[in-house]
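This briefing is meant to be read beside the sequence and the coordinates. Please keep both open while working through the points.

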Amino acid sequence: MTASTTRRTTGLRSRTAAVGAIAVAGALLLTACGDQTKKDSGSDTAKTSSAPLADKLPASIRDKGVINVGSDIAYAPVEYKDNAGKVVGIDPDIAVAMGKQLGVEFKFENATFDTLIGGLASKRYDIAMSAMTDTKDRQEGVDSESGKKVGSGVDFVDYFTAGVSLYTNKGDDQGIKTWDDLCGKTIAVQRNTFSHDLAKDQAKKCTKDGKKALKIEDFATNPEAETRMRSKGADVVSADYPVAAYSVKTSGGGNYFEIVGDQVEAGPYGIAVAKENTELRDALQAAVQAIIDNGEYEKIIKKWGVEDGAITEAKVNGGS
């Protein structure tokens, strides 16, 4: 889930043509994927000593053989539970590939998105991997709305990029084409995401411009926001583009929602790590770069039909 208002007007472009590719891949994987959070049967992740990057890990993680991952597992196709209750998606697949390099299992634990960074601070998780955008505010522990320091911040290892889209009930676009068309409307968003920040930003703009107010309803998960719109309690939902595209193509067999307007470019998804865990951060960076270089990353990105979000370099704190 992206989070930064600084990229709001820096780049708009439509990628709605990729909706079909994402949805087809996602629909196939609902039945074809296994639990991506378990160790491979080939035992590459079980045998730490044989993994090429195992020696880069902190000894404590290398010894236990597990990286505990905090994640909001309700954000298809990035991470979600399939019909069998197994955790699947872009992030779990990338984590499995990284696990082969590091010789550990990435164990995903479900939580609401707005509690993930706090979970790192309390050491409940080793990392957070949940479509979280790498931003300066998050790096520095600053609340994006108030500008006040609220925590020690985190480091990010970037592994994907994504923009943000608006979508409405199908056949009821309310005349919405841009964010400026939201004045006088009600938007449903997931709490503490980039979409939430954009909505707050737009609400201020509507007031400043003397237009009708934008009402914001925020929820713990994106499916809750969609349910609110389906029940006519909201006019529009905003979410990261891969999520919006997946929902549009798969919800109600493709009959529930439609994307409106152009995508807002947001920035890189990052794996969040506590500031003091520099050894773990550097090991994760090496693992992401390794799967990019060996082609595993490309296979995963193509499998999910999200090639537009691929990166070629695993940067640390590359967000702005």
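The structure is a predicted model, with a mean pLDDT of 87 for the protein chain and 85% of its residues at 70 or more. Over residues 3-46, however, the pLDDT is below 50, although this stretch has 108 contacts in the model beyond near neighbours in sequence. Where pLDDT is low, the predicted coordinates should not be read in detail.

**Helix α3**

- Helix α3 covers residues 90-102, and its 13 residues reach 18 Å from the first C-alpha to the last, which is close to the 18 Å expected at 1.5 Å a residue.
- Twelve of the 13 residues of α3 are buried, so the helix is largely enclosed by the rest of the structure.
- The buried residues of α3 include Asp-91, Asp-93 and Gln-101 as well as Ile-90, Ile-94, Val-96, Met-98 and Leu-102.
- Just after α3, Gly-103 takes a positive phi of about 75°.

**Nonpolar cores**

- The largest nonpolar core has 62 residues, and those with the most contacts inside it are Ile-67, Leu-102, Phe-106 and Leu-284.
- Helix α9, residues 278-294, supplies the largest share of this core, with eight residues.
- Apart from this core lies another, of 18 residues, among them Val-164, Ala-203, Leu-214 and Val-260.
- When residues up to four places away in sequence are not counted, Leu-284 touches Ile-67, Met-98, Leu-102, Phe-106, Ile-127, Val-157, Ile-271 and Val-273; of these, Met-98 and Leu-102 are also among the buried residues of α3.
- In soluble globular proteins, nonpolar side chains tend to be buried together.

**Ser-238 and its surroundings**

- Ser-238 is found in strand β10, which spans residues 236-240, and its relative accessible area is 1%, which means that Ser-238 is buried, the cut-off being under 20%.
- Leaving aside neighbours within four places in sequence, Ser-238 is in contact with a set of residues including Val-164, Ser-165, Trp-179, Ile-187, Ser-195 and Asn-222; one of these, Val-164, also belongs to the core of 18 residues.
- The side chain of Ser-238 makes a polar contact with the side chain of Ser-195 at 2.8 Å, and the side chain of Ser-238 also reaches the backbone oxygen of Ser-165 at 3.3 Å.
- Ser-238 and Leu-198 are 40 residues apart in sequence, while their C-alpha atoms are 9.1 Å apart in space.

Key:
Residues numbered from 1 in each chain as written. Predicted model: local features only at pLDDT ≥ 70, side-chain atom pairs only at ≥ 80, totals over all residues. Heavy atoms only, no water. Helix = DSSP H or I, 4+ residues; strand = E, 2+ residues; numbered from the N terminus. Expected span 1.5 Å × (residues − 1). Buried < 20%, exposed > 50% of the residue type's maximum accessible area, 1.4 Å probe, protein only. pLDDT = per-residue confidence, 0-100. Contact = heavy atoms within 4.5 Å. Polar contact = N/O pair within 3.5 Å; in protein donor to acceptor, adjacent residues only side chain to side chain. Core = buried A, V, L, I, M, F, W, Y, C linked by side-chain atoms within 4.5 Å.
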